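Me: I would like to learn how to read the features of a protein model. Could we take them in turn, starting with a helix?

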Amino acid sequence: MYLEHFALRELPFSITPDTSYFFNNTGHQEAMNVLLVALRSGEGFIKISGEVGTGKTLLCRRLLNLLSVDKHFVTAYIPNPYLSPAALTMALAEELDIDCPRDIGQHRALKLITDHLIALTAKGKRVVLMIDEAQAMPEQSLEALRLLTNLETEKYKLLQIVLFGQPELDNILAKPSVRQFRQRIAFSYTLPSMDCEGVKAYVAHRLVVAGYGGAPMFADKAMNVLCRASRGVPRLVNIIAHKALMAAYGQGARTIQVQHVRAAVADTEDANLYSRKRIGWPRYVWLGMAVSAIASGAWFFLRVAQ
């Protein structure tokens, strides 16, 4: 593609979560601090929420990597929690390497999990379950999770649970039917989008990780357009930047200019240069087009009349 053209080792703006590209912007660093403090305290549920594309999955995988090298923690990860309570129990058992036959029944499966958690705690281990896309979890499964956290020693929970989810998760937790679950959330954090300075640093970081070592690749005005169109959402930044590089490569350009970013924005469904709520041309452009159409119609009418 454009790797050789821009002297890159690999694609810098892939939307696949890759922890080698993790960027410690203010929001992600604050979220990570909350997570680490909460996990050390050993209390309750932890909730990280954020809009689509703000980097929740990447943050989750980064936390998994950090805890995997800490001998005090044992981790389990469920990326798709749209599961019944029984299926969720079996998924947790599988993540913890518990030999649990499929036909064992939920009660006996929970007994095996409990015994395993007690054994790990006796060895000085803390078990952390991370659930991505938690807004997809049925209410019955949320209740099953709550009951799992009833298991505790005099000082610590036998199982800590971290939920990563979109804002819809907050709507679910606001329901009276899950108020007991909501009261168990000891720590929470909402991931913000990046400001323009953050987007510039984010783009520069990813280019360096991908092997780029030259002058700034994006012209200042092009970067401003990228900031505005992406609204500071990392996934949108990646998509637009990737397409902008493709557009520049197609023209043989080494620097990304405004026209390249605008072409990328025009080809990206959720990108918008003019309004967060309305996708399309700004009102004055439509007005100008309407005036031009009226003028053209009047000119045509006069010609016919002559």
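Reply: The buried residues of helix α4 are Ala109, Ile113, Thr114, Leu117 and Leu120. Buried means under 20% relative accessible area, exposed over 50%, and partly exposed in between, with a 1.4 Å probe and protein chains only. Helices (H or I, at least four residues) and strands (E, at least two) are DSSP runs, numbered from the N terminus. The model is predicted: local features need pLDDT of at least 70, side-chain atom pairs count only at pLDDT 80 or more, and totals for chains, interfaces and linings use all residues. Residues are numbered from 1 along each chain as its sequence is written, and side-chain values use heavy atoms, with hydrogens and water left out.

Me: What do the buried residues of α4 pack against?

Reply: They pack against β2, α3 (85-95), β3 and β4. Contact means heavy atoms within 4.5 Å.

Me: What span should α4 have, and what span does it have?

Reply: The expected span of a helix is 1.5 Å times one less than its number of residues. Helix α4 (residues 106-122) has 17 residues and should span 24 Å; its end C-alpha atoms are 24 Å apart, which agrees. After α4 comes glycine 124, with a positive phi near 85 degrees.

Me: Now α1. Which of its residues are buried, and which are exposed?

Reply: Gly27, His28, Ala31, Met32, Leu35, Ala38 and Leu39 are the buried residues of α1. Seen down the axis of α1, they fall within an arc of 135 degrees, so they line one face of the helix. Thr26 and Val37, on the other side of α1, are exposed. The cover over the buried residues of α1 includes β1 (45-50), α2 (56-68), β2 (73-78), β3 (126-131), β4 (159-165) and β5 (185-191).

Me: What is found at the N-terminal end of α1?

Reply: Asparagine 25 caps that end: one of its side-chain oxygens lies 3.2 Å from the backbone nitrogen of glycine 27. A polar contact is a pair of N or O atoms within 3.5 Å; within protein, one must be able to donate a hydrogen and the other to accept it, and residues adjacent in sequence count only if both atoms are side-chain atoms. Following α1 is glycine 42, whose phi is positive, near 75 degrees.

Me: What does histidine 28 touch?

Reply: Not counting residues up to four places away in sequence, histidine 28 touches Phe22, Phe23, Thr54, Gly55, Leu59 and Leu191. Histidine 28 is buried, with a relative accessible area of 5%. A polar atom of its side chain lies 3.4 Å from the backbone oxygen of glycine 55.

Me: How many aromatic pairs are there?

Reply: A pair of aromatic rings is described by the distance of the centres and the angle of the planes. Rings of Phe, Tyr and Trp (its six-membered ring) pair if their centres lie within 6.5 Å; planes under 30 degrees apart count as stacked, over 60 as edge-to-face and the rest as tilted. By this rule there are three aromatic pairs. The ring centres of tyrosine 2 and phenylalanine 6 are 5.8 Å apart and the planes stand at 75 degrees, so this pair is edge-to-face. Both tyrosine 2 and phenylalanine 6 are buried. Phenylalanine 23 and tyrosine 202 also form an edge-to-face pair, with 5.8 Å centre to centre and 70 degrees between the planes. Phenylalanine 23 lies in the segment before α1 (26-41) and tyrosine 202 in helix α8 (residues 196-209), so the pair ties together parts that are 179 residues apart in sequence.

Me: Which residues have the most contacts inside the largest nonpolar core?

Reply: In soluble globular proteins, nonpolar side chains tend to be buried together. A nonpolar core is a set of buried Ala, Val, Leu, Ile, Met, Phe, Trp, Tyr and Cys residues joined through side-chain atoms within 4.5 Å. The largest has 36 residues, and those with the most contacts inside it are Val203, Phe218, Leu245, Ile256 and Val261. A second, separate core of 33 residues includes Ile78, Leu117, Val127 and Phe181.

Methods
The arc is that of the directions from the helix axis to the C-beta atoms.
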